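I opened this notebook to record a few look-ups in one model. The sequence and structure come first.

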Amino acid sequence: MSSQHARPGPRSIELFDRARRFTPGGVNSPARAFNGVGGGAPVFIDRARGAWITDVDGNEYVDYVGSFGPMILGHADPAVVEAVQKQAAKGLSFGAPTGLEVELAELISTMVDSIESVRMVNSGTEAAMTAIRLARGHTGRNKIVKFAGNYHGHVDALLVNAGSGPLTLGIPGSPGVPASVVEDTLVATYNDLESVKTAFAEHGDEIAAIMVEPVAGNMNCVPPVDGFLEGLREICDAHGTLLIFDEVMTGFRVHPNCAQAYFGVTPDVTALGKIVGGGMPVGAVGGPASVMETLAPSGPVYQAGTLSGHPLGMAAGIATLEQIRDGSVHAAIEPKMTALRDGLAARARQHGVPFMTQGAGAMFGMFFTEAERVTRFDEVAACDLDAFTRFFHGMLDNGVYLAPAAFEAAFVSRAHDEEAIEATLAAADKAFAAVAAG
Ligand code: PMP
């Protein structure tokens with residue numbers, strides 16, 4: 001399909017041919033491949049600044065991927081780049097503590113109410129993995145409840161498919177994940193408290209944690225329905241179960257103090273990633289000291305990392321959170337987000353394309369559907385995926401880079417100014433016309 005399109009250009013195609021010889025599928029993370037939008041070479045990136053990203057053929061795009069979330073300040077933010085460069089000159093990594101780790105941990109615990117103590121890791125996957133080990137070690141229980149369509153990285157125990165029915169025993173979501181590893185993972189339905197209650201009716205005193213994305217950002221973008229997060233909190237309190245918010249994507253994006261502040265529901269443990277590292281490979285797990293002290297070396301639950309608290313990641317994270325903490329970044333993004341979402345909806349209407357957006361804070365999703373709101377995974381799956389694919393390529397050909405799959409959220413940064421949004425809406429006009437043409 002990609003050959004019918006102007007982009008990717010010849011250099012991307014050539015790089016992809018080479019990449020496929022040396023790397024499985026030619027990419028280092030499947031989310032970057034174009035398999036979900038007709039296949040072919042993805043766009044290879046050369047550089048990015050602000051809201052704009054430039055590919056190896058010199059094509060420029062308004063970027064709504066933002067490195068899949070971290071780039072809330074825009075690409076190559078001068079303060080972040082300077083902080084990293086300064087730190088790099090002092091040495092890359094020491095395997096001994098630095099003041100930077102203390103500074104970032106203090107910043108996080110100042111900004112996120114539920115967090116007193118933080119353990120730094122190297123990715124969102126590690127944060128989620130550590131969070132469930134911590135919950136299991138802390139409670140002495142083994143079972144975990146997760147939600148179909150929520151993603152927590154490629155952690156074995158969380159890489160689980162739901163079967164049919166509102167609550168299912170997990171079945172491995174990938175070859176290589178033994179059934180024995182997921183036998184303690186229960187899969188419930190996002191935005192459906194009844195499915196969670198069913199799990200607790202059967203297994204209440206065996207469940208260590210409920211793990212949830214407070215806004216689901218890996219099945220397009222699905223905010224929680226009223227009462228859902230509150231209900232999870234109540235269920236956890238009634239059963240001595242820990243509530244884990246996976247805020248790897250939503251943390252510092254939905255709100256300067258994370259989704260938990262936006263929705264007013266306090267988790268026990270929070271997994272962070274993406275923005276917390278300002279574009280460097282950083283994750284973090286945080287919570288009250290009483291829970292976090294269960295981790296080694298204070299407590300018995302083992303967790304470690306040669307490069308954890310990496311100085312460059314800490315420097316980038318500090319330089320990012322320091323700009324977010326006073327709320328000005330989110331305040332600046334809000335009106336742009338409204339202009340963008342309203343503008344997209346208006347253009348879809350003009351072309352008679354069934355389309356809707358929904359989101360929270362600085363993330364949103366695009367849905368090719370007649371529905372006014374989508375709250376469940378099966379409803380996301382029922383949207384018109386072919387329409388998305390045509391829209392995606394229409395946008396790419398006209399200078400807008402969206403995530404190459406209908407199940408990803410879109411991210412807006414402080415750097416998305418009027419020019420970027422106008423360019424996006426002009427491209428959308430053509431892309432919706434292509435969708436309408438079928
Ligand atoms: N949790 C959530 C909610 C995520 O969105 C992601 C990544 N998209 C992860 C965990 C895994 O993070 P990473 O890719 O950094 O391992």
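I worked from a predicted model, in which local features need pLDDT of at least 70, side-chain atom pairs count only at pLDDT 80 or more, and totals for chains, interfaces and linings use all residues. I number residues from 1 along each chain as its sequence is written.

Ligand shell. Of the 15 residues, Ser123, Gly124, Thr125, Gly153 and Val248 come nearest. Helix 4 (residues 124-139) contributes the most, with three residues; helices (H or I, at least four residues) and strands (E, at least two) are DSSP runs, numbered from the N terminus. By class, I noted five nonpolar, eight polar and two charged residues. Ala, Val, Leu, Ile, Met, Phe, Trp, Tyr, Cys and Pro count as nonpolar, Asp, Glu, Lys and Arg as charged, and the others, Gly among them, as polar.

I found an open sheet of three strands in the order 14-15-17, with antiparallel pairing (DSSP finds at least two bridges between paired strands).

Backbone. The peptide bond from Ala296 to Pro297 is cis, with omega near 5°. I checked Cys258 next: its phi is near 80°, a positive value in a residue other than glycine. Cys258 counts as buried because it has 29 C-beta neighbours inside 10 Å; the cut-offs are 20 or more for buried, 12 or fewer for exposed, and partly exposed in between, with C-beta atoms placed from the backbone.

Technical notes
A residue is near a molecule or strand if its C-beta atom, placed from the backbone, lies within 6 Å of it.
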